[in-house]
Every structure is written in structure tokens, then in C-alpha cells.
Amino acid sequence: MSKILVKDKDIVVPGEILAEGMDNLPGTGTYREGENIHAGQLGLVSINGRAIKLISLSGVYQPKVDDTIIGKVIDVTMFGWRLDTNCAYSAMLSMKEASSDFIPKGADLNKYFSLGEYVVCKITQVTSQKLVDISAKGPGLHKLRGGRVIKVNTNKVPRIIGKQGSMVSMIKQATGCKIIVGQNGLVWLEGEPKSELITVRAIKKIEDESHLSGLTDRVKVFLEKETGTKLESNSR
Amino acid sequence: MTYNKRDDGRKFDDMRKIEAKVGVIDRADGSAMFKFGNTWAYAAVYGPRNLFPRFLQDPQKGILRCNYNMMPFSSSSERVRPGGSRRSKEISMVTEKALLPVLNLDEYPNSVVDVFIELPQTEAGSRTAGINAAAMALADAGLIMKDMVSSVSVGKVDDKLVVDLDYAEEAWPEGDVADTPVAIMANSGKVTLLQMDGIISKDELKELVKLAKKACQKIYEIQKKALKDKYKVEKNE
Amino acid sequence: MNEGLKDHIKLLLKSDTRLDGRKALEYRKPVKVEYGFTKTAEGSALVTIGKTIVSCGVKVEVGKPYPDRLDEGTIMVGAELLPLSNPDFESGPPRIEAIELARIVDRAIRESKAIDFKKLCIKEGEKVWVLIIDVCPLNDDGNLKDAASLAALAALKDFKFPKYDEKTETISFKEKTTKKLDLGNKDPLDVTVVKIGDSFIVDPDYEEEKVIEARLTVGSTKDGKLCALQKGGDYPLTEEDISKMVEIGIEKAKELRGAL
């Protein structure tokens, strides 16, 4: 008989047996060996019917096509820019993909993006060798000016954004800060010094407590206390 | 003269007091600490990350690089000269071989996973403490890992088979000593580290590996708990 | 390369705020000193400043004195920037930053005359104690210099001489005596004061270290006297800057001594 040995939201370590028997389906982060399903990494158990998968709690960002990320320009070449993406693989932004405006040949590319600047961009291609192409052409994709950039655990990005952006919207509403969250674990924010600080602490709180239940309410209470604003209740 | 009693009163198959903690080095992608009695190892994992120089890159998969180092004040006798030694280079290599079988680095071509092991205090069993810490640190770093690795030194002091040799036993002056560091994949029971200094029979080796497996099961439970405990912390506002 | 970060930090400093909400002249919390953190050293300490963690161990040797100081022992300070502590550190021979760190820590202790080297003499002209102080960061979140200086001083306070057999000329490391070092109540400590734009800050974290324009590491003793100075950074300092930074350095060292 098949048997699931763990509960939803359990934390499991590599190799741990999650289920016995052939009836269950090994999802991401797990693997089948013989009759058992094992954990293939450290993770949080997520059971959906007969499928068991693991949600990563840690780990460096892995670039994926269509992800919106924040990159930092580390090289300006003749044909474009190279950006650090906060992972093992840097990304290429070609002249063609830099802007909806036409960039003529021989133009000084520094005028568009220069060393050290941050850009919100979209990943357009990832080869098997992990060569990454990005584009800064399109709605919401542009150079970032002012503000500050912090690094967060890339695995917590979904919780920082929230369902349909509900979590990050709540923070924006309470602190008045502009916030852009990159899938690669970089977050840009801008506002009054005090508000920026509260935003950073709220995001840190989400990172630290994302695996515990009741996160949204706890963040809401924190924000209301720190900023003195009353937030509307979120409908789930 | 036979070996009848261990200095610290342990039974022959008892290990020294073990302490393990995960997430001790904030800047690392994964980190852990592991103690066998007075032998204490820190491990930090950085990666997968960019690998320089280029010629070391493997286009098919990431590489694992382990660096074992004793801190200058870690020896109970003279200061250890910084810069490593032939011994530490060899330990770095066998540590890498002990950990590689559980990792799948296919997802990280051209990159490196760096494991740094540093020991502030050594009193025998340092490479095994290092491997135990490194395995936890690799898991903490979120790497694709099919099993945990647990490691312990077993051996023979005079006529007794023992587990987790301490400093006095390694250097036992009154007879023969065999020292056998072993590392085992926790769930599959496969051996990833096996070294031996000394003279033993084939049968004794079989016995020793059995003893090591039993001890490693206990170590695995401690490593598991340390990993899970990191996430148990409830933050109070 | 970090112009945006520098501009933002300068903006915040206008309201005496930093990236983590501290005031310009505030140290991170906690500042903790743990004595005797490793049993194998003759003296050791672990210092925490915020998230920066630095360990220090003191080992002894018995050696020949220098020909021009036949009745004096000495100290040697080493620093290893362990790759474990910072993704930017690599294993290999010591970088110049490690060498500078060691020499800065050495200077404050040596020049303050906290240790009477004559008291380290065993047999004039032949045998003296040599104290080897090794500093190893475990987590580098910025300001290794101050943490290292505090760790070295604490390790020296923790130090106990091992037994030395004069006849066989061997040190019995496992047998410690109760004899400690007389540090003369000097408590030398380094405080690094940093200039960014027109503002001075202390205890830079690793983000702030990226945009330092100039720094002055101020070594001082308990009675407020200066015993060591080291200027770093690419930008120059005015006399007024130096005056202000020295004052801050001496003041902050008094605060740090509270953690001992």
C-alpha cells in the first residue's frame, strides 16, 4: 500500500523518504528510487493530491526565460552591455534590445546604460550553457535611478510579491515607497529615508518568516505599527 | 597490555559529544558547524557561482571545490603555519570525493560550488567533522542533493575496535593503532570516503565499516535535526 | 561602479541616517566579546560586531631574542582573510588587505607598550617568549579592523602561559599555568573612522565599505592617548578632518572597551 510519510509544510532534508509505494507522483525537488520517493534537496513539502513536490527554502537564482530581473551593468562593450544578475551567470543586453528608441551604430553606449547602473529587464533566452540574453524594451523595463537595491533570498520572491502582487502592494501602500522586485533576488526601493527603512525591515520579515503560517497578517500588523497607517483588509 | 578503558570513559562504540548547528555564517549561501568533542569544524558553501580562471570551467556541469584548512591556533601543541600543507591538500581532495556523489551539478554548467572548511580546534577526527559540517552546509545552500553524507573515524586501538578515535587514541604509544575515517550516504548506505592507516585484517575491516554505518546513522539524525531547527525559530516582534 | 549607492548613502547621512537606520557614529548591535572560544590556543576570543564575527587565538613559542633586544620577547600578528567569511576572498597567499590588517592590529598593541617585552624574557640572550596572535574572520559584514583589534586585545587578556621546562627546553602546552599577561591597563584599541562626502561614520558595514572615500584607523589607549594611526582610502583628508576623526576614534574606543 502507498503511504505518504510527511505532512504538508514539513521541512525535509536531502534523501529523506517522503512516500512509500508506487501510487504517488514525484514532483520537483523529489526523485523516485525503487518503491520510494525521496527528497532531492532541502525543502518544504507541498502535497497536492497524489503529487509531492518540494519548495526551495534557499539556493542561488537559476535564470529562467520570461523572468523579470534587476541586473547591474558590469561591462559596456561595442555591441551592448553585460549585466550581473546575482547568480552564476551574467546576461547580455544587445543594442537592439536596450530601448524602444533606435540606437545608431557607433553611438556611445554609456549614454544609455553605464557601469554600475541597475536595469529592470526581462530574460529572453537561456541556452543549455546558461548564456543569458535580456531585453530592456517593453513596459516596465527601464534603467533605475536613485533609491537603493537590496538582496533577498530568491526563493522568497513569490512571498514578497504575494498573490497577484498583494503583499508588495500592501508594503507600498503603508510606506509610500516605490518598489520593484526582481525574480533574481534583487529588490529596488525608493522613498523617504524612514519609509525605506521600514520597507527593508518588512521585506526581511517576510524572508525570515515565509514558511510560517499567517504571514500576511503578521506583516500587516508590523506595517500598521511602524507607519501608523491603517491598511485595508486583504480578501484572500 | 590490552586496551581496556577509554580516557574519557566512553564505551568502545560511543562517539564523543556531538554539537551541530546550521546557518552560522551569514554571508555564505549555506553554512554549518559540527563538533566531535573538542574537534570543531565550520563549513561555508558559496555557489553555484562564477568560476575563474576560465580553463577550469566544465561546459557540461558545475565543479565542486573543497578547501580544508586548520586555523593557526587549532592545534593543542605548536601553532599551525598558515597556508596549508600536503596533508590539508589531500584532505581537501578526499572531502570533495566524499561529497560529490550526492550532488547533481548538471544544472550549473561552467560554474563552481566552493566549500570552505575551517577548524578552530582540532583533536582528531577533523576531516570527519569537516565532512559532516560541509554536508549540512551544502543542503543549507539549497543545492540539488540526493542524500546526506555522514562521516566518522573508526579504528582499532590495540585489540579493541573503537568508534570516533580521540587524540590520545590516535597517538596511543603502547601498541598498534589503525585509524579508518569513513563517510556514508545516509539513506543508501554507500561509502564515499574510506581511508586507513595501520594494520587490520579483512574481517576487522568489515566489522569496522559496520560500526561506522551504525555511528553514521546517529550522526545523520543529528544533521537532520540541525537543518530542520534552523527553520523552527519563531521571531517575536 | 557604486556611484548610485554612494549618492544614496550621502543623502541619508544628511539626516544622520544610514542604510540600516543607525546614526552616523553608532556601532551595530550587539558588540560581544567571548573569551576562551577555542581550547587549543593559549588565549583566544571571539568578537561579534553586528553580523561581523572575528576570531583570534594566541599561541606561544620559545625562541631566540633579536640581537639588538637580548632581554626582550616579542609579538607577531598574523591575519588570514578566510574565504569562508566573504564571497570575495579567495584561498591563497595573503592579500595586501590581510597584511595591512595584521600590521594595524600589531601597531596598536606594540606601540601602546601594553606588553612589557622584558617580562617575556626567559633567559637573556638565549630564550624569550614569542606570542603569536592570529586573527581569522568567520563572517565579514564589514569593519574587520575594529573587530580584529578588539579580538586581539581580548585574546591577550584571556592568555595564560603554558608550563615551560627550562632543562628540557620544552613547552607543555596541555599544562597551563595561572600566569597571565600584565597588560598595564592600557587596553589599546583601533577604531576606524570613515569619510564619505562630508560626513564621518564609524563601523561601516560591507555595503558602506564599497563607497568609502577615506578612512583613518585610530589606535588609542585607555587614558585617551594615541598609539597608532593608519590612513587609507583613495581620497585625501584635511587637517580639520584628521582632528575630528581622531576625536571620534578615541571616544568610540572608550565605548568598545565596555564590551571587554
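The legends below describe close-up views of a predicted model. Residues are numbered from 1 along each chain as its sequence is written, chains are lettered from A and ligands numbered from 1 in the order in which they are written. Local features need pLDDT of at least 70 and side-chain atom pairs count only at pLDDT 80 or more, while totals for chains, interfaces and linings use all residues.

**View 1. Contacts of chain A with chain B.** Contact joins 22 residues of chain A to 31 residues of chain B (C-beta atoms, placed from the backbone, within 7 Å). On the chain A side, nine residues are nonpolar, ten polar and three charged (nonpolar: Ala, Val, Leu, Ile, Met, Phe, Trp, Tyr, Cys and Pro; charged: Asp, Glu, Lys and Arg; polar: the others, Gly among them).

View 2. β15(A) pairs with β17 (residues 186–190) over four bridges, and Arg148(A) lies opposite Leu189(A).

**View 3. Helix α3 of chain A and its packing.** Helix α3 (residues 193–209; helices are DSSP runs of H or I, at least four residues) has 17 residues and reaches 24 Å from first to last C-alpha, close to the 24 Å expected at 1.5 Å a residue (1.5 Å times one less than the number of residues). Its buried residues include Leu197(A), Val200(A) and Ile203(A) (20 or more other C-beta atoms, placed from the backbone, within 10 Å of the residue's own). The buried residues of α3(A) pack against β15, α1 (157–161), α2 (166–175), β16, β17 and α4 (215–227) of chain A.

How values were computed
Contact = placed C-beta atoms within 7 Å. Pairing = 2+ DSSP bridges. Helix = DSSP H or I, 4+ residues; strand = E, 2+ residues; numbered from the N terminus. Buried ≥ 20, exposed ≤ 12 C-beta atoms within 10 Å, placed from the backbone.
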